[in-house]
Structures are given as C-alpha cells and as structure tokens.
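Here are a few friendly notes to read alongside the model. Have the structure open as you go through the numbered points.

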Amino acid sequence: MTHRGRHAQDAPHDQQLRAAAAHLGRRRFLTVTGAAATLAFATNLPGTGTAYAAEADPRKIVRNPFTLGVASGDPLPGSVVLWTRLAPSPYEPGNGMPDAPVAVRWEIAHDERFRRLAGRGVARAHPEFNHSVHVEATGLAPGRAYHYRFRAGDWTSPVGRTRTAPAPGARPAGMKLAAVSCQAYHDGYFTAYRHLAQEDVDVVFHLGDYLYEYPVNSAGGARKYTDRVLPGHFNRETVTLEDYRLRYALYKSDPDLRAAHAAHPFVVTWDDHEVENNYAGDISEDGLPPAEFLVRRAAAYRAYWENQPLRRPQRPHGPNLRLHRRIHYGRLAQFDILDTRQYRSDQAYGDGWHAPGPESDNPARTMTGAAQERWLIEGWRGSRALWNVLPQQVTFAQRRDSTGPGYQVSMDAWDGYPASRARVLAGARAAGADNLVVLTGDVHVHYAMDIKRDFREEKSAVAGVEFVTTSIASGKDGADRPANWGKLMAANPHMKFYNGRRGYVTVTLDREKARADYRTVPFVTRPGAPVTTAASFVTEAGAPGLKPA
C-alpha cells in the first residue's frame, strides 16, 4: 500500500470549516459540542487536557460493550487493521460510555482458540473517536489466516477471522474477492451478507454507500419490525456528527453485517450517501454554501473513519480524508482503490440523465481530481501484477438509455466525465497496465460489461472489463429483469449481463483468467432468502472481453 501526505487543498478547506463552524448557532449542522469536536479533529489527535488525563476503569462497564462486533481490513503482507467500537448502549448518544479513554486489550492468533498468539497489546478507545479502536497489527506472516479478539474489563468480543496479503514477490496461483455496495437499512434485510460470511473469499471490497443519510422510521422502513421500536432520532436525515455516529451504530448492529465483517477483511471506499446524495467535492445537492457543506462533510468523514477498519494515514483532516490507496496481492493483482466523490467536478447539466454535450464533454472536467489521476497512472507504470484491478464507485463503461442518436447517459457516472475516462484509459494503455478489471457499485443492479477504448467506435478494441455489483439492500427486492432491461441491453452491445436483484459479486483471479459469479437473493423485505448464482462470466489474461463461464 502506498501513502502520501495531505493534499494541497486541505488548508483552504480547513479555513472554510473554521469559518462555518463559527456560525453554527444559526443552523443545525453540529451540536455545540460537535462543533468543538470538528475543530479539534482537524489535528486528528485525542484531547490531552486534564479532562481526559485519567482513564476510565473498564471493569466498571456493566453491559456488553461489543454490540457492534469486530472488523478487519486493508491487509498487507505483514499487517492488518483490527477494529471495534465500544458501545454498551449503541442507540444512545455517547454509546453509554464514560467521557474518558478506556484501555482495550487485543490479541491475534494462528488458531481460533488463541493457543498460538501472533501478537497482543493494549489500545486506548478515546471518546474523541467515539470509543473506536484501530489496531494496526504487525509482524504477521504473509498470506496467512489469523483470528483476533478484543477485551475490555470482564467483557470479550466475538472472534474475527482475517487474512494477510501475499508477500510482495509471491506468485499465488489464485485469489477470490467479493464486491459489495449500497446497503440501505430502511430498504430491507442484509441477508446477502449472511451468505457472504459463509463464502471462502480472501477479501471483501466495499464500493460505497455503506450507510444512507435518509430517515429510518421506528419500524426500520421496509423491514417492518414488530419485535422492536427504533428510537425517534433515526427518523431524520443525518447532518450532525452525532447523527452519523448513531446511524453507523444502527447499521453495525445488524447481525448479518457483523457476521460478514467477522468472517473477512474489508477494503472500503465511499460513494455519496455516506455524506449526502450525489454531492460533488464541496458542492451539496441542496445548494448549501461550500463552507457550510464542508462542516457536514467533516462530520461524515470523521464518523466514517471511526467506524471502518482504516489505517492512520486515512484519518480525516477536518473535511478532507485521503481514501485512495493501493494494495498488492503479490504479483497476481494490484488494487488501486479510488475516491470518485471528494475531488470530482460538479455534475454537468444539473445531474440526472442527459444527452452528452459541450458541458459534459469539457476536457477540464474530472472525476478523480488531477492529483489522484496522476497517482493512479503512476501506480500503473510501476505495476508488476498480472491483473490491475480498480475498485471504485460509479459505472465506468458507457451506458446509453436508448438506441439511436437521441440517447441520454448518467451525468453522475463516468459517462458524465468522458474526458476523465479517456485519460484514465489512455494512461493505462501507455503504462502497459494489462488485464484491467473495474469493480463498481452504486446502481443497485448487476452488470457485466466490456470496456471499449473508444465507445464512439462500434469496432473499438476492448480495453478491459467491468464487474458491477448490485446492492445489498438498496432498492428493496428488485427484479431479475428491470423495466428498462430490453432497452439497455439493445443500446449497449458491450453489456453482456443485467440483473436487478440484490446480492454481491465474487471474482476469482488466477494466472489464466478472471471469473465473476453474480450472486443474488430473491427478496430482502423479509429475512431468510436463499442465495443463487444468476450468471458467471470470464475474461482471459491477455485477451480482454467477457464470455459466459
């Protein structure tokens, strides 16, 4: 994994954040306490004043603090991140924890009974970080499975299982990953995660929309609970730091999501709903002044880091968080994880679906920002991997809504940023980054698509393939063939598969091919759905293009 320092745009954003926070009394962006925390966490350090000098005694925690489970992530050859968050009362502000640090012991072992320890230590769960714990366990062997757990006072967490990446020069015969996205709690149960927890995968890539900012009513929306009543503070849009923290508690209390996190390491990136629908950089969907929106973005980014298994370089600086990063699986695969929200130009033509035109075709427009685009292409120049995999958020291949000259495309997807897409594809070709595989979420459907070097030319060569995973729950039950299935399949000959059920994708990479299995569940508005494989496709190393498996 490669890291760099803060971006140059961080400083003006910090200034805007401070200016906006000075006027928070007029608007509900953060509580007064939250405003102070926003300014404090621009430095990313827990408070060092006398108020937090003394630690709380973990033996005085009288209820289970591990209600949100455990997680691991960002595997390296000798290291992995271990995560938990102490929350005896997860649906209450403050989680039922004292306003002081708490010592949390952690262990990682070769075996599930912890007879052969590979590492142990003590971490502090700080109130400034909402009593979350991020342990970067080191000294581990490459390409190995491990078990881990946490202890606070007399309480012991569930046991999680994780796996390190292969050694840098290793040539593994294969690996299997899963891609997931879009888990709107109010749209249904996370049944797909229960099935994913039982799959044998090396790593899970979460491609965004881990939570949604929309209100969740007392019955859990489409879940229609009859055995519980959710607190009223969930039935409003998330805006404040406290709102986002509580919403993560709601999501992470889901047993199926907890099972998936405990079973596999996750590599996460965000899309829009972790902050607000279809925001672009510092531009809000609702037209807020950028300085005010950045206060909300700072709160959302802070809560995101607190609740994900991310490393120290990913800690936010006010409203900025460096999320793009690189992970290697030996010489088999290089993963360049993108952030297509934080640095993008505003959507052309007011967003939505629109015919391409001068505004969307403007070569100055960017999906990634110039710095991230350079980082990506430079990384490809140095790639020694057989497969170059791009986990990111929004649909990369062209997606016309109809045949003929009057077609429209999504202004929020790469279709709304065609010059940016062309630069990325040209950069991959110039760098010799062969066997390009793009992993995508966002659209709540499964797609399997060839990526053309030039979508304007019908006979253009195939530059790579795109595996788009459907949602875990967003969109409710869905359908095998959505209403526009025929039109999209006819308008996009490079689209080989389209399915509108919920589920996830698994991708198996080996020395000869990449195989995608599109896993679906028939319903999510009630629990207990089975899982099936709706379709499978392969692309051969050295000969890009999808074929049915």
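Predicted model: local features only at pLDDT ≥ 70, side-chain atom pairs only at ≥ 80, totals over all residues.

**Notes on cavities, a pocket and a helix pair**

1. The largest cavity holds about 50 Å³ of space, and its lining has 6 nonpolar, 3 polar and 1 charged residues. Strand 17 (436-440), strand 19 (462-468) and strand 23 (532-540) each supply at least two of the lining residues, with strand 19 giving the most, 3 residues. Among the residues to look for are Trp-387, Asn-435 and Pro-544.

2. Now to the second largest pocket, with about 360 Å³ of space. Of its 17 lining residues, Gln-398, Pro-418, Arg-421, Asp-454 and Arg-456 lie nearest the centre. The lining divides into 8 nonpolar, 1 polar and 8 charged residues, and helix 9 contributes the largest share, 5 residues.

3. Helix 9 (residues 418-431) also pairs with helix 8 (residues 370-381): their axes come within 8 Å and cross at roughly 20 degrees. Angles under 35 degrees count as roughly parallel, so helix 8 and helix 9 are roughly parallel to each other. Their crossing is right-handed. On the helix 8 side, the contact includes Leu-376, Ile-377 and Trp-380, and on the helix 9 side it includes Val-424, Gly-427 and Ala-428. By class, the contact residues divide into 6 nonpolar, 2 polar and 3 charged.

Methods. Residues numbered from 1 in each chain as written. Heavy atoms only, no water. Axes fitted to C-alpha atoms, helices over the stretch in contact; angles between N-to-C directions. Helix = DSSP H or I, 4+ residues; strand = E, 2+ residues; numbered from the N terminus. Parallel < 35°, antiparallel > 145°, perpendicular 65-115°, else oblique. Left-handed = near helix turned anticlockwise from the far one by under 90°. Contact = heavy atoms within 4.5 Å. Nonpolar A, V, L, I, M, F, W, Y, C, P; charged D, E, K, R; others polar. 1 Å grid on protein atoms, 1.4 Å probe; cavity = no way out; pocket = protein on both sides within 12 Å on 5 of 7 lines; lining within 4 Å. Points joined across faces, edges and corners; volume = space filled by probe spheres on them.
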